[in-house]
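Colleague: I would like to go through this model with you, one region at a time. Could we begin as soon as it is on screen?

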Amino acid sequence: MASSAAAAARPPTVVIDNGGAFVRVGLATDGHPRATIPNRVGRLKGQLQVVVGDETEPGAVVQDSSQLVLACPVERGIVTDWRTQLAVWRRALSVADISARGAPVVLLSPPLMPSKSLAGLAQAALAPDGAADDETAGLGAASLCIVAPTRAACRLACGLAGAQQRQQAPAGSPAAPLWSAGLRLDPALGGAGAPFSLSMGCCVVVDAGFSGVTVAPYVYALGSEAIGTPAAHDATPPAALPAEHCIGSAGGPDSAPASTCVASGLRRGPVGGRLLGGLTRDWISFRSVDLSDDVTLARAVAERAGIVPLHDSAPRRALEPPPLGGFEAQEAVVELGPERLVLGESLLRPGDAAPASGLDSCPGIAASVADSIAAAAEAAPAWSPLLWQGVVLTGGVARMPGLAARLQRELRSAASELAAVTVWSLTPEGDDNDVAWRGGALLARSSGGLLPSASAAEWARAAETPGINAAVTAVAELMRGSAVL
């Protein structure tokens, strides 16, 4: 009774998805984020006034975003300005009418962050709340857990696959959980339902977002150790998994196989929505339409007009070229033709499709996935065939038409003849891509408060380590120990 009363008195967990393009905040008990705002700040040209988040949108403070000098605190997935990041978090929490003071915080942020970024995020979240101009102030959270967006997507994909398996079971099986509403897990080239490997927590998550692409392999695990040899499997899953193999209560609506990340298979690349928007801006500038001051329009054009060709020769000789796409800019209409194809091709062959971008040595998405699976196979050889079956594509850029099908074709040529390759698209209904936030909320909710986290007291002790570099290292190590890959 005492423990249940203490749990009831504990503030609900605040979940923050710190994306390169948007910040989404809400409570773990919510089904969707309460607020989604751009992750940027802006300064009015010729003035000192600074606007934050949703205030930078056209029509909020200014009618045209070209009147602002925009700055983003995230570069290629890494927070480079944590004070600006804190200002965006505060704005998002204010819009959502949520306070993080004294509450546990789950932060969705990419893995492999440098020590200074981790230390800055820890101070922004765990330092005592104070005035906006206080250099030492933070959100005043009670604890902080950093969760990789790929881990959140893995949790949702495997949970959806398990729900599909249960729905295919005989009558009397549990209905789909409420958290799965509006989420779709579809094979790129059509086919049957989700494979057994996904329902057992084995997959490769490809998070194609605004800042870049992150690839992370996950295998079914017992605790934190990967099982060396998978159990014999067929098309029929076991009736139930042991409770110790699940997140949450066995058989409950939020339970799922526990997965662990094969860290040696983590891969990150810089080709994302930001780069595609920059390429679009350059191409349109060649048409005598200057978009150098309106990067948001260029990014919107890239998201709406880009298409990934099904064959790698399509940018040079498209059998069925897409219709020309037009948009209005400065009272002019610019027609996009071959650029629409090259946009998508740059995701798979950055050096060939965008030679002026300086990405000659950067691998594309397909090459990164194949390399990730090869590295994971060295650590857990028996899981390699299952990883090829469960490539999960998610993120804002993943909605680009044709990307999932093209990725599967590319991987098919890279895999062995005996491997069954399947790419799955994990997308929500509607325009807001809240997959990472929903996965983080589900992890926080289903863990029963047992997610690893660093408390404000632990952070304060680490931050008091003599020497600036030593303190940064101590805080970074503390945060890495409380991270969920």
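Colleague: Which residues is P38 in contact with, leaving aside its neighbours within four places in sequence?
Modeller: P38 is in contact with A21, F22, G53, D54, T56, E57 and V88, where contact means heavy atoms within 4.5 Å. Please note that this is a predicted model, in which local features need pLDDT of at least 70 and side-chain atom pairs count only at pLDDT 80 or more, while totals for chains, interfaces and linings use all residues. Residues are numbered from 1 along each chain as its sequence is written, and side-chain values use heavy atoms, with hydrogens and water left out.

Colleague: Is P38 buried or exposed?
Modeller: P38 has a relative accessible area of 3% and is therefore buried; buried means under 20% relative accessible area, exposed over 50% and partly exposed in between, with a 1.4 Å probe and protein chains only.

Colleague: Which strand is P38 in?
Modeller: P38 belongs to strand β3, residues 35–38. Strands are DSSP runs of E with at least two residues, and helices are runs of H or I with at least four, numbered from the N terminus. The C-alpha atom of P38 is separated by 9.1 Å from that of C72, which is 34 residues apart from P38 along the chain.

Colleague: Let us turn to E75. What does E75 touch, not counting residues up to four places away in sequence?
Modeller: E75, found in strand β7 (residues 74–75), touches T80 and R274. E75 counts as partly exposed because its relative accessibility is 36%. C-alpha to C-alpha, E75 and P270 are 9.4 Å apart in space, although 195 residues apart in sequence.

Colleague: Now the helices. How many residues does α12 have, and which of them are buried?
Modeller: Helix α12 (residues 403–414) has 12 residues. L403, A404, A405, R406, L407, Q408, E410 and L411 are buried in α12.

Colleague: What covers the buried residues of α12?
Modeller: The cover includes α8 (338–348), α10 (365–379), α11 (384–389), β19 (391–394) and β20 (423–428).

Colleague: How do α10 and α12 pack?
Modeller: Their axes are 9 Å apart, at an angle of about 50°; axes are lines fitted to C-alpha atoms, for helices over the stretch in contact, and angles run from 0 to 180 degrees between N-to-C directions. α10 and α12 are therefore oblique to each other. Angles under 35 degrees count as roughly parallel, over 145 as roughly antiparallel, 65 to 115 as roughly perpendicular and the rest as oblique. On the α10 side, I365, A366, V369 and A370 meet L403, L407, E410, L411 and A414 of α12.

Colleague: And at what angle do α8 and α12 cross?
Modeller: The axes of α8 and α12 cross at roughly 45° and come within 11 Å. E345, L347 and L348 of α8 make the contact with L403, R406 and E410 of α12.

Colleague: Which residues of α6 are buried?
Modeller: In α6, they are G273, L276, G277, G278, L279, T280, W283 and I284. Helix α6 spans residues 273–286, 14 residues in total.

Colleague: Finally, the whole protein: how many helices and strands are there?
Modeller: The protein has 15 helices and 22 strands. Of its 485 residues, 53% are buried. Among contacts with a separation of 6 or more, residues 24 or more positions apart account for 70%.

Technical notes: The expected span of a helix is 1.5 Å times one less than its number of residues.
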